[in-house]
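Q: I have a structure open beside its sequence, and I would like to learn how to read it feature by feature. Could you walk me through it?

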Amino acid sequence: METITSRKNPYIVHLRGLGRDGAARRASGEYVCDGEKLLREALQSGARVTSVLWSGAPELELPDSVAQYGAPQALVEYASPLVNSPGPVFTVRMPETAIPKRLEHVIVLENVQDPGNVGTVLRTANALGMDAVALTGACADLYSPKTVRATMGAIFRQPVLVCDLEQLRMLLQTHALKLYGAALTESAQDLRTVSLDRAAVAIGSEGRGLSEELLALCDGQVIIPMRPEAESLNAAVAAAVVMWEIARTFEQ
C-alpha cells in the first residue's frame, strides 16, 4: 500500500477534483465517497470500488483490483469532500445505465436542484421498492458528494435514469406507463383516488413546480390533500408521500 504525504500527489489532486467538479467525475467515470459505513454498503451492494485512501491500517478486506493508499489523518481530511472527515475516502466507478426489466412504479424528479432532496428521494425510493427514479431537467448532480451522502448507500442499489423529456416520453411509452404530475391545479385529483398501478409520478422543484413541457406529457395531475392554509411540501417530502401511497396500495 502506497503511503502519501503531499497534497500535490496526483491521487490527492484527483480526489479533490472528483469532489468539486462534475465534469471531472464524468471525464473519469467515477465519483468520490467518504466513510467506512458507506464503503461497506458499496462492497455489499456490488459497486465497483476503484480506490481507497486510509488514515491508518486498512480496516476491511478489499478485492485485489482496488488500489489502496495510506496518508496522515490531516491529508485524508484535505482529500475528502466532507468537513472533518473520519475517512476512509474512496472512489467508485459510475455504473452503466440499465433500465430494469420490471418497470411499473417510477418517480420522476424535474429540476430538483438540492442534492439533499435528490439523495433523500433515492433513499426513500429504495426503501419503498420503487423500480426506478428518473431525473430530468436541471436536477442536482447524481454523483455529487452531497447527493451521494444523502442517499445513505441507496445510490449503490437504486436504479436511476438521467434523461431528457423526449427520452422520458419514450421510456413511458415503451413500458406502457401512465404519467401523473404532482401539481397545485384545479384539475388535479386527490392522490388517494388515482390508480398508480403501472404509473410514473413527477415531482417538480419546490419553487416552480413542474414545467409546462412536462405537464404536457402527463395523462393526469394529482395533488396531496393538505389543509388549505398549508404551504407546498418540500420536494423530497412530497415524493415520499407519493411513494408511500404507491407502496401502501400495491405489493412490492
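This is a predicted model: local features need pLDDT of at least 70, side-chain atom pairs count only at pLDDT 80 or more; totals for chains, interfaces and linings use all residues.

Q: Let's begin with the cysteines. How many disulfides are there?

A: The general idea comes first: a disulfide is a covalent bond between the sulfur atoms of two cysteines. The cut-off used here is a pair of cysteine sulfur atoms within 2.5 Å. By that rule the count is zero.

Q: Is Cys139 buried or exposed?

A: Cys139 is buried, with a relative accessible area of 17%. Cys163 is buried as well, at 12%.

Q: On to charged pairs. How many salt bridges does the whole structure have?

A: A search finds nine. To read one, look for a side-chain nitrogen of Lys or Arg within 4 Å of a carboxyl oxygen of Asp or Glu. Take Glu36 and Arg40, whose closest N and O atoms are 2.8 Å apart. These two residues sit four apart in helix H3 (residues 36-45), so about one helical turn separates them. Glu36 is partly exposed at 23% relative accessibility, and Arg40 is partly exposed at 37%.

Q: Which parts of the chain does the bridge between Asp131 and Arg102 link?

A: In this salt bridge the closest N and O atoms are 2.4 Å apart. The pair links distant parts of the chain, 29 residues apart: Asp131 is in the loop between H5 and strand S7 (132-136), while Arg102 is in the loop between strand S5 (89-93) and strand S6 (105-110). Asp131 counts as buried at 7% relative accessibility, whereas Arg102 is partly exposed at 39%.

Q: What about Arg198 and Glu104?

A: They form a salt bridge too, with the closest N and O atoms 3.8 Å apart. Arg198 lies in the loop between S10 and strand S11 (199-203) and Glu104 in the loop between S5 and S6, so the bridge ties together parts that are 94 residues apart in sequence. Elsewhere, salt bridges that share partners join Lys37, Glu41 and Arg157 into one network.

Q: Now the sheet. In what order do the five strands of the open sheet run?

A: Read across the sheet, the order is S1-S4-S3-S5-S2, and the pairing is mixed. Strand S1 (2-3) and strand S2 (30-34) stand at the edges with a single partner strand each, so one side of each has no neighbour in the sheet. S1 pairs with strand S4 (residues 67-70) in the parallel sense over two bridges.

Q: Which residues make up the nonpolar surface patch?

A: Leu184, Met226, Leu233, Val237 and Val241 make a patch of about 400 Å². Leu184 belongs to the loop between strand S9 (178-182) and strand S10 (189-190), and Leu184 is exposed at 64% relative accessible area.

Terms used
Residues are numbered from 1 along each chain as its sequence is written. Side-chain values use heavy atoms; hydrogens and water are left out. Buried means under 20% relative accessible area, exposed over 50%, partly exposed in between (1.4 Å probe, protein chains only). Patches are made of residues with over 30% relative accessible area and no salt bridge: like charges are joined within 9 Å, nonpolar side chains (Val, Leu, Ile, Met, Phe, Trp, Tyr) within 5 Å. Accessible areas come from the Shrake-Rupley method with a 1.4 Å probe; for residues, only the protein chains shown count as cover. Two strands pair if DSSP finds at least two bridges between them.
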